[in-house]
Amino acid sequence: MPIMSDASSPADAEARRAVRPVICYPVETLPPAPMEIYRAARDTLAKVDEVVVPPRDARCFSVPAGHFFRIVSIEGPQVGDLNLWNAHDPQERFYSGKTRALHRTHLTTGDRLWSSFPALRPMATITHDTLGWYGFDAYGGAVHDVIGTRCDPYTHDLLSGGGRYHHCCHSNLTRAFADATGRPLAEAEPQVHDVLNVFMCTGFTRDTGQYFMKASPVRPGDFLEFFAEIDLLAGLSACPGGDCSSEHSSDVAVCRPLLVVILKPAEGSLAGWTPPARSGYDRSHGR
Ligand SMILES: [Zn+2]
């Protein structure tokens with residue numbers, strides 16, 4: 001789709017384009033993630049639970065604060081859509097947009113998954129990424145994005161002229177959250193939010209700025225590992241797009257399961273770590 005413009009260029013168009021950008025959110029003042037503590041604790045991990053997420057479906061799982069969890073590729077390339085909630089208050093949930101603004105478009109080791117207002121605190125920290133070597137490819141693609149949203153039946157209906165598909169990640173996560181919390185679908189659905197696209201390879205086209213996806217570079221054995229900063233309820237959907245090399249919102253793509261492994265570090269191995277505090281803003285908003 002070409003970008004349409006009805007504006008003629010001003011004489012100084014190139015000079016205006018040549019202005020250097022500045023980083024919106026300089027992160028030098030962000031409290032750094034204590035990666036040395038996590039690294040030491042990783043050496044003591046013992047598996048306490050695991051969950052297999054079936055293809056074209058989702059599962060929820062709990063991760064206590066101070067535990068780690070891994071999302072592992074098994075059987076073949078497959079992407080996953082991740083939601084995070086405060087286990088005690090689902091109104092505090094992963095805030096994809098602010099995470100993108102604070103860190104980058106695609107997350108990797110050391111980046112944190114921030115929660116919604118008014119808490120705005122790290123819910124989880126990425127502690128290992130076996131796809132960390134990928135970087136940005138020649139198309140501007142990279143893995144584990146926070147630029148997409150999640151495949152959903154509403155957009156599918158819109159773009160397909162009334163098509164019905166019930167196993168988009170949005171619906172999968174809705175059913176999984178309902179099952180995990182005993183809530184009806186109508187209450188569960190508003191809790192589903194924009195995701196971390198685990199293993200998905202995405203970017204924006206350079207010429208038209210459109211969101212693109214391409215075959216994920218993930219292979220069996222690859223994993224993305226997180227440290228739970230607070231008690232978490234997490235939801236993971238094995239996207240109907242499979243490796244997202246062709247299409248989603250259908251049963252066309254080959255889909256594989258994903259494995260979630262929950263791991264506990266040895267007692268005492270997290271000395272020096274403290275759970276993150278909620279935002280200190282007083283919420284008076286000038287009144
Ligand atoms: Zn999906």
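Predicted model: local features only at pLDDT ≥ 70, side-chain atom pairs only at ≥ 80, totals over all residues.
**View 1. The loop between β6 and β7 holds two backbone features.**
Start with L120, which is found in the loop between β6 and β7. L120 has a positive phi of about 40°, although it is not a glycine. With 17 other C-beta atoms within 10 Å, L120 is partly exposed. P118 has its place in the loop between β6 and β7 too. A cis peptide bond joins F117 and P118, with omega at about 0°.

**View 2. Six strands line up in an open sheet.**
Follow the strands in the order β1-β13-β3-β11-β7-β6, and you will have traced an open sheet with antiparallel pairing. β1 (46-53) and β6 (112-114) stand at the edges with a single partner strand each, so one side of each has no neighbour in the sheet. On average, neighbouring strands here are turned by 25° against each other, direction ignored.

**View 3. Strand β11 is covered on both faces.**
How many of the six residues of β11 (residues 223-228) are buried? Six of the six are. Now look at the partners of β11. Strand β3 (residues 68-73) pairs with β11 in the antiparallel sense over five bridges, and R70 has E225 as its bridge partner.

Helix α5 runs over residues 169-181, which makes 13 residues. From its first C-alpha to its last it reaches 18 Å, close to the 18 Å expected at 1.5 Å a residue. Among its buried residues are C169, H170, L173 and F177. What covers the buried residues of α5? The cover includes the strands β2 (58-63), β4 (80-86) and β12 (232-238), along with the helices α4 (153-160) and α6 (185-188). Just after α5, G182 takes a positive phi of about 75°.

**View 4. L84 and L232 sit in the largest nonpolar core.**
This core has 60 residues, and L84 and L232 touch the most other members. Leaving aside neighbours within four places in sequence, the contacts of L84 include F94, L113, M123, L232 and A234.

H103 is found in the loop between α3 (96-102) and β6. Is H103 buried or exposed? It is buried, because 20 other C-beta atoms lie within 10 Å. The C-alpha atoms of H103 and V146 are separated by 9.9 Å, although the two residues are 43 residues apart along the chain. C244, in the loop between β12 and β13, counts as buried with 25 C-beta neighbours inside 10 Å. C244 also has a positive phi of about 60°, although it is not a glycine. S284 has its place in the segment after β13 (258-264). With 6 other C-beta atoms within 10 Å, S284 is exposed.

Technical notes. Residues numbered from 1 in each chain as written. Buried ≥ 20, exposed ≤ 12 C-beta atoms within 10 Å, placed from the backbone. Helix = DSSP H or I, 4+ residues; strand = E, 2+ residues; numbered from the N terminus. Pairing = 2+ DSSP bridges. Axes fitted to C-alpha atoms, helices over the stretch in contact; angles between N-to-C directions. Expected span 1.5 Å × (residues − 1). Contact = placed C-beta atoms within 7 Å. Core = buried A, V, L, I, M, F, W, Y, C linked by C-beta atoms within 7 Å.
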